Amino acid sequence: MAEFLASIFGTEKDRVNCPFYFKTGACTHGERCSRQHNRPTYSQTVLLNHMYRSPVNLSLTPEMQRLGGLTEEALQTHFDEFFEDIYVELVDKYGPIEELNICENLGDHLVGNIYVMFKREEDAQKAVDGLNNRWYNGQPIYAELSPVTDFREACCRQHETSECTRGGYCNFLHVKAASREMRHSLGVDTYGKGRHVAGGRRRDRSPRRRRR
């Protein structure tokens with residue numbers, strides 16, 4: 001029995017533990033979910049809840065649509081500046097990371113989520129302790145350890161091939177990619193459509209800085 005329960009843990013067959021929380025660290029039902037959300041006491045992965053505030057959400061308003069919205073170039077520049085700011089800050093203050101993935105989902109439970117997988121569990125805990133006492137761009141940061149260990153399972157496979165029919169409201173991660181130039185300047189590689197994995201040695205930080 002124990003072997004069977006272990007084999008179905010975190011799958012749809014598991015009637016006790018939430019498979020979406022296990023795979024993505026987030027659940028559309030939140031605390032109202034009928035299955036358990038087992039929050040880890042230690043993990044390499046940190047979730048920064050709803051930290052990235054995309055201009056895309058502003059472009060969905062009637063006023064922004066009347067004005068023509070935002071160009072793809074402007075959206076990418078905004079994202080690149082944010083990505084650089086977060087990546088450099090995390091590495092410099094808390095330690096080396098293996099992956100940094102930022103969601104472009106629109107669903108309430110995933111919008112703006114940032115997933116950071118550190119190389120060491122102790123660095124992840126240090127980041128949670130430190131970031132929960134900080135603000136970014138006028139907003140408090142909410143950090144927690146996440147159960148996500150395999151981003152291949154957390155990310156939407158259909159999004160990887162531009163075939164996801166649920167779009168921004170998919171329950172799996174749609175990860176936005178930094179530009180090639182930004183990835184090169186930071187020494188970051190990509191896996192799939194947008195996952196960012198640690199690569200070579202990064203260059204010095206560009207002069208662009210955000211407010212804290």
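Sort the lining of the largest cavity by class and you get eight nonpolar residues, three charged ones and no polar ones. Keep in mind as you look around that this is a predicted model. Its average pLDDT is 84, and 79% of the residues reach at least 70.

**The cavity**

- The structure has one cavity of 30 Å³ or more, and the volume of the largest cavity comes to about 100 Å³.
- Eleven residues line the largest cavity, and those nearest its centre are Met51, Ile86, Glu89, Leu131 and Ile141.
- Two elements each give two or more residues to this lining: α5, which spans 72-94, and β4, which spans 135-136.
- Of these contributions, the largest share is from α5, with three residues.

**The cysteines**

- A disulfide is a covalent bond between the sulfur atoms of two cysteines.
- The count of disulfides here is zero, taking sulfur pairs within 2.5 Å as the rule.
- Cys18 is in no disulfide, and its nearest cysteine sulfur, in Cys27, sits 3.9 Å away.
- Cys18 is also buried, at 4% relative accessibility.

- Most residues other than glycine have a negative phi, and most peptide bonds are trans.
- Asn137 has a positive phi, near 55°, although this residue is not a glycine.
- You'll find Asn137 in the loop between β4 and β5 (139-140), where this residue is partly exposed at 33% relative accessible area.
- Ser162 is another non-glycine residue with a positive phi, near 60°.
- Look for Ser162 in the loop that runs between α8 (157-160) and α9 (180-186).
- Is Ser162 buried or exposed? Ser162 counts as exposed, since its relative accessibility is 59%, and the cut-off for exposed is over 50%.

**Where to be careful**

- Over residues 4-10 the pLDDT stays under 50.
- For that stretch, the model has nine contacts beyond four places in sequence.
- Where pLDDT is low, the predicted coordinates should not be read in detail.

Definitions and conventions: Residues are numbered from 1 along each chain as its sequence is written. This is a predicted model: local features need pLDDT of at least 70, side-chain atom pairs count only at pLDDT 80 or more; totals for chains, interfaces and linings use all residues. Side-chain values use heavy atoms; hydrogens and water are left out. Buried means under 20% relative accessible area, exposed over 50%, partly exposed in between (1.4 Å probe, protein chains only). On a 1 Å grid over the protein atoms alone, a cavity is a set of points where a 1.4 Å probe fits but cannot get out, and a pocket is an open set with protein on both sides within 12 Å along at least five of seven lines; lining residues have an atom within 4 Å of a point. Grid points are joined across faces, edges and corners, and a volume is the space filled by probe spheres set on the points. Helices (H or I, at least four residues) and strands (E, at least two) are DSSP runs, numbered from the N terminus. Ala, Val, Leu, Ile, Met, Phe, Trp, Tyr, Cys and Pro count as nonpolar, Asp, Glu, Lys and Arg as charged, and the others, Gly among them, as polar. pLDDT is the predictor's confidence in each residue, from 0 to 100. Contact means heavy atoms within 4.5 Å.
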